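Visitor: I have a structure open and would like to talk it through. Can we go over it in short questions?

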Amino acid sequence: MNPHLSVQASDAASGFNSIAVLFILLLGLLLVICLIGYLGSALTHRKESSLGHRLWLRAGAVLSTCAAICVYLWGALHVAFMEDLNMRQACVAAGGETKASQVDGYEASYLPLRFVCHIGGGGSYSAAVPSWINPALGILLPLALITGVTSAVTREDLRRSAAPSPQQPPSSEKGNT
């Protein structure tokens, strides 16, 4: 390990709170388990064949939401276990030994997920979080939103078409009473 890293780099990442990351991880894991249970329950209790499109849209919304949560949790795990030695090693792995020797601080961010190594002189570069995490979230979250909204709109259309129309009594009956 480079001795300059321990002298120049700060000991903690700004914006980094390991308790908050662990809470996010626990909450996300619980949410994924609940959503998968909901989807399994919806699939096993399906009785009406006319709601097939809505069920597929709802399943797509739940699965894309679960995928987005899992991708986010995977990226958060990379940030969660950043300790002093790991921070320095992540900066060395991302920028090389010469760039990492100029690191004077770290920054962690939850939205978007990133871990940044700051270079003395105003520069910075990303490290530790895989580069595909944020683009994948950028695709999965709109997909979940679109399928969820489409499922809700389809549900309202089905309710309207299934509702009985109010019938007015024939005009001949009005005159007889």
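Guide: What follows is a talk about the fold, the cysteines, the rings, a pocket and some backbone details.

Visitor: Fine. What should I know about the numbers before we start?

Guide: This is a predicted model, in which local features need pLDDT of at least 70, side-chain atom pairs count only at pLDDT 80 or more, and totals for chains, interfaces and linings use all residues. Residues are numbered from 1 along each chain as its sequence is written, and side-chain values use heavy atoms, with hydrogens and water left out.

Visitor: How many helices and strands are in the protein chain?

Guide: The protein chain has six helices and three strands. Helices (H or I, at least four residues) and strands (E, at least two) are DSSP runs, numbered from the N terminus. Their order from the N terminus is α-α-α-α-β-β-β-α-α.

Visitor: And what share of the residues counts as buried?

Guide: Of the 177 residues of the protein chain, 31% count as buried. Buried means under 20% relative accessible area, exposed over 50%, and partly exposed in between (1.4 Å probe, protein chains only).

Visitor: Which sense do S1 and S2 pair in?

Guide: Strands S1 (residues 103–109) and S2 (residues 114–119) pair in the antiparallel sense, over six bridges. Two strands pair if DSSP finds at least two bridges between them. The two form a hairpin with four residues between them, and Gly105 stands opposite His118 in S2.

Visitor: How covered is S1?

Guide: Mostly covered: five of the seven residues of S1 are buried.

Visitor: What about the loop between S1 and S2?

Guide: Pro112 lies in that loop. The peptide bond from Leu111 to Pro112 is cis, with omega near -10°. For context, most peptide bonds are trans, and most residues other than glycine have a negative phi.

Visitor: Which residue has a positive phi without being glycine?

Guide: Ala128 has a phi near 75°. Ala128 lies in the loop between strand S3 (124–127) and H5 and is partly exposed, with a relative accessible area of 25%.

Visitor: Changing topic: cysteines. How many disulfides does a search of the whole structure find?

Guide: The search finds one disulfide, a term for a pair of cysteine sulfur atoms within 2.5 Å. The disulfide joins Cys91 to Cys117, with an S to S distance of 1.8 Å.

Visitor: Left-handed or right-handed?

Guide: The torsion about the S-S bond of Cys91 and Cys117 is about -95°, so the disulfide is left-handed.

Visitor: How many aromatic pairs turn up?

Guide: A search of the whole structure finds one. The rings of Tyr106 and Phe115 have their centres 5.7 Å apart and their planes at 20°, so the pair is stacked. Rings of Phe, Tyr and Trp (its six-membered ring) pair if their centres lie within 6.5 Å; planes under 30 degrees apart count as stacked, over 60 as edge-to-face and the rest as tilted.

Visitor: Which ring does the charged end of Lys99 sit over?

Guide: The ring of Tyr125, 4.7 Å from its centre. A charge sits over a ring if NZ of Lys or CZ of Arg is within 6 Å of the ring centre and within 35 degrees of the ring normal.

Visitor: Last topic. Which residues line the largest pocket?

Guide: There are 16 lining residues, of which Ala68, Ile69, Tyr72, Leu111 and Leu137 lie nearest the centre of the pocket. On a 1 Å grid over the protein atoms alone, a pocket is an open set of points where a 1.4 Å probe fits, with protein on both sides within 12 Å along at least five of seven lines; lining residues have an atom within 4 Å of a point.

Visitor: Which element gives the largest share of the lining?

Guide: H3, with five residues.
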